[in-house]
Amino acid sequence: MTEPVRPARPHHKLTEEGRRMREVLTYSRRGSRFTPRQAEAWETHHESWVIPDTAVDEPGFDLAEWFGREAPLVVEIGSGVGEATAVLAAARQEVNVLAFEVWRPGIADGLWRVAEAGADNVRFCSVDAVWSLEHLLGPGSITELWTFFPDPWHKKKHHKRRLVTRPNAELAASRLVEGGRWRLATDWADYAQQMVEVLDAVPSLEGGVVERWAERPVTRFERKGLAAGREITDLLYRRVPGRP
């Protein structure tokens, strides 16, 4: 019997019998229909600024080739519609910004936003971010990591799907350069508490709750949280030099 081909990406894993395997992911994929503006942005920019899912399965995948240069790498997990991505990347033209977002219309929104901001140093990718940290990005390869308003999965039975867990945090920490920063924000108090508990327990990280990062623009997720009366929590952790 021929051994089944096992695709690299997590949402395509197979069982030993070759059947599709259901996995616990930190996100759910929503609809993919574009508005006219999103469609125009996608048509204009996706070939230059979006890394196709299939590209990461190719042997010898080289992220730098998609940017056309070698530069310090900033990674954003969950760029949404690109509100923070565009502003922050435009102010950091010296770095490459890799933005992970699984919602395709959100990427399309991000494309016109970064174009409008002149932030041509951004590349979008809709492959699972945790898998990508493990398989595409080597240890000590990320200068800064942004995780702004990740899905809170607020029902207790869904907490296992939250992005900030001990295994994911240890993986992310290993990908930061020494002294590299991980910036986070959430509008859910119990998730903020979980973030602190998880990140404080990772030996290679130090940090905690900080004042709101002034450079981070107020996004629709933050506005929604504020309108609902929820407090915004910003966190900043650093990879401690010399710690494994």
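Q: How do you know that the span of helix α7 agrees with its twelve residues?
A: Helix α7 covers residues 189–200. The expected span is 1.5 Å times one less than the number of residues. For α7 that gives 16 Å, and its end C-alpha atoms are 16 Å apart, so the two agree. Helices here are DSSP runs of H or I with at least four residues, strands are runs of E with at least two, and both are numbered from the N terminus.

Q: What kind of model is this, and which residues count towards its totals?
A: The model is predicted: local features need pLDDT of at least 70, side-chain atom pairs count only at pLDDT 80 or more, and totals for chains, interfaces and linings use all residues. Residues are numbered from 1 along each chain as its sequence is written, and side-chain values use heavy atoms, leaving out hydrogens and water.

Q: Which residues of α7 are buried?
A: They are Y191, A192, Q194, M195, V198 and L199. Buried means under 20% relative accessible area, exposed over 50%, and partly exposed in between (1.4 Å probe, protein chains only).

Q: Why are the buried residues of α7 said to line one face?
A: Seen down the helix axis, they fall within an arc of 160°, so they line one face of α7. The arc is taken from the directions from the axis to the C-beta atoms. An α-helix has 3.6 residues a turn, so residues three or four places apart point the same way.

Q: What do the buried residues of α7 pack against?
A: Their partners are α6 (166–175), β6 (176–186), β7 (205–210) and β8 (233–239). Contact means heavy atoms within 4.5 Å.

Q: Why is V196 called partly exposed?
A: V196 has 22% relative accessibility, so it counts as partly exposed. V196 lies in helix α7. Beyond its neighbours within four places in sequence, V196 is in contact with V209, L235 and Y237. V196 and Y237 are 41 residues apart along the chain, with their C-alpha atoms separated by 9.6 Å.

Q: How do you know that the span of α4 agrees with its 14 residues?
A: Residues 104–117 should span 20 Å, and the end C-alpha atoms of α4 are 20 Å apart, so the values agree. Its buried residues include P105, I107, L111, W112 and V114. Among the elements covering them are α1 (36–49), β1 (50–51), α3 (83–90) and β4 (122–125). Just after α4, G118 takes a positive phi of about 75°.

Q: How many aromatic pairs does the whole structure hold?
A: A search finds four. Rings of Phe, Tyr and Trp (its six-membered ring) pair if their centres lie within 6.5 Å; planes under 30 degrees apart are stacked, over 60 edge-to-face, and the rest tilted.

Q: Why is the pair of F34 and W42 called tilted?
A: The ring centres of F34 and W42 are 5.6 Å apart and their planes stand at 50°, so the pair is tilted. F34 is partly exposed at 25%, whereas W42 is buried at 15%.

Q: What makes the pair of W146 and F148 stacked?
A: The planes of W146 and F148 are at 20° and the ring centres 6.2 Å apart, so the pair is stacked. W146 is buried at 0%, and F148 is buried at 8%. Ring pairs link W146, F148 and W213 into a cluster.

Q: Which ring does the charged end of R183 sit over?
A: R183 sits over the ring of W213, 4.0 Å from its centre. R230 sits over the ring of W188, 4.4 Å from its centre. The test is NZ of Lys or CZ of Arg within 6 Å of the ring centre and within 35 degrees of the ring normal.
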